[in-house]
Amino acid sequence: MANSTTEGATTAADREGARPAQSHAKVIRAAILGTVVEYYDFGIYGYMATMLSTHFFVKGDPTTALLGTFAAFAVAFFLRVPGGIFFGHIGDKYGRKKALTWTILLMAVATALMGLLPTYATLGVWATTLLTLSRCLQGFAAGGELGGANSFVSEHAPPRWRAFQTSMVNSGTYIGSLCASLMALALTTGLSAEQVDAWGWRIPFLLSLVIGLVGLWIRNSLDETEQFEDVQQRDVVVKVPLFALLSTAWRQILTIILLGAVITGGYYIASVYAATYLQTAGQRSPQFAFTATCIAMVVGVITLPISGYLGDRIGRKPVFIGGSAAGAVFGVPMFMLMADGPAPLAILGPTVLFICVSVVNGVSFATYAEMLRARFRYSGIALGNNVTNMLLGGTAPFIATLLVSSTGNKLAPAGYFVACALISLIMSLFIKETRGKELAL
């Protein structure tokens, strides 16, 4: 690690006289739009799971085919960790903008490839293999997204608005997933079942080329963050950010992993798996299921900035505790509504779960940024977030499906959601408050 006589936080005063800063609105808009593109691409696989299972896995047993589809969904999350390490290295050593440009390009290519693949009927097991490889490329690209986007925005944001502004970035993940859900809803509503089965399922994947180019153009229009430039100018760029991170900030990484349990595991249960659960356990139509998850995500998008605002006013810790505790309390009742409740209450189920996740998520990445130094911030956020996604997020739909299949209890997935909420709750009791903290170099 290079030495520097000037250590510690970079304040607004430190940056006086620097190049004119980009407007906060431009930075946030670019981060949101780029994240929307990334998470549309990453989420469309989950929302098209039941359709993909019929085209890329052995036909016969629908449950086995669906498990295979969700297994491929989960495999991508294991690639998020090396993806986060790779893009974190680029982002911490060469700049946030460079890394974020490559993540969006790789994601668009991988997603479009899914829309072009021959099916199992044509290539047999090779079709399954190619689908899984494409999904792995998606996971590798997604691994570098949130760590970079939140590092980028947190380094631009004033301390008094940092949670609010990073919460807006996280809304991009929800909006991207919402767009994917809306696309699935439009597809199943606008086309006949035969048309969707024959060729319609390819459309959402091929659209990623168009929206990917838009996101690439938006990100290329931004300048690098001033704090990263400070790291370069003060000669404190580390040779291998990951090594510096693990040797000096391993406690912070463990904290990020545990705090994110309900954000990742809870998110994929309340969104991707909920759409499947409403169709299987609740015997609802695909249109109803996708409508319900769309409503849940709209409410989640609204909740995120409210949570961020509260985090900037009363502190990160009370919001963490409140959101995760609510998830532990409401998990089982909401699954009961999704399985057996009347239509309005069945829709309320994923919506309430999503609110609990969003409350925690609204303050999460500002807290992560405040825990870590700029010299390895991208790598740190990416590593902690992606390990949680690997352990609890990507496996969530697969484990939830397996729990129902093996136990015969359709409420078993609620236990997974509650467990994730309890992990976040316990960790949130031990964190230090970081509201108003200046970001350290």
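These legends walk through several close-up views of a predicted model. Local features need pLDDT of at least 70 and side-chain atom pairs count only at pLDDT 80 or more, while totals for chains, interfaces and linings use all residues. Residues are numbered from 1 along each chain as its sequence is written, and side-chain values use heavy atoms, with hydrogens and water left out.

**View 1. Here is the largest nonpolar core, with 106 residues.** A nonpolar core is a set of buried Ala, Val, Leu, Ile, Met, Phe, Trp, Tyr and Cys residues joined through side-chain atoms within 4.5 Å; buried means under 20% relative accessible area, exposed over 50%, and partly exposed in between (1.4 Å probe, protein chains only). Met48, Phe56, Tyr268, Ile269, Phe335 and Leu372 have the most contacts inside this core. Helix H15 (residues 261-280) gives the largest share, 13 residues; helices are DSSP runs (H or I, at least four residues) numbered from the N terminus. Another core, of 18 residues, lies apart from it and includes Ala30, Ile90, Val153 and Ile218.

View 2. Thr166 counts as buried because its relative accessibility is 0%. Beyond its neighbours within four places in sequence, Thr166 is in contact (heavy atoms within 4.5 Å) with Asn150, Val153, Ser154, Phe365 and Ala366. Ser171, with a relative accessible area of 4%, is also buried. On the same terms of sequence distance, Ser171 is in contact with Ile32, Val301 and Leu304. The C-alpha atoms of Ser171 and Leu304 are 6.5 Å apart, although 133 residues separate the two along the chain.

**View 3. Glu155 and Arg377 meet in a salt bridge (2.8 Å, N to O).** A salt bridge is a side-chain nitrogen of Lys or Arg within 4 Å of a carboxyl oxygen of Asp or Glu, and the structure holds seven. Glu155 is buried at 6% relative accessibility, and Arg377 is buried at 0%. Asp92 and Arg96 join Glu155 and Arg377 in a network of salt bridges.

**View 4. Arg316 and Glu370 form a salt bridge of 2.6 Å, N to O.** Arg316 in helix H17 (residues 316-340) and Glu370 in helix H18 (residues 343-371) are 54 residues apart. Arg316 is buried at 1% relative accessibility, as is Glu370 at 2%.

**View 5. Lys410 and Asp340 pair in a salt bridge (2.8 Å, N to O).** Lys410 is partly exposed, with a relative accessible area of 30%, whereas Asp340 counts as exposed at 56%.

Technical notes. Helices (H or I, at least four residues) and strands (E, at least two) are DSSP runs, numbered from the N terminus.
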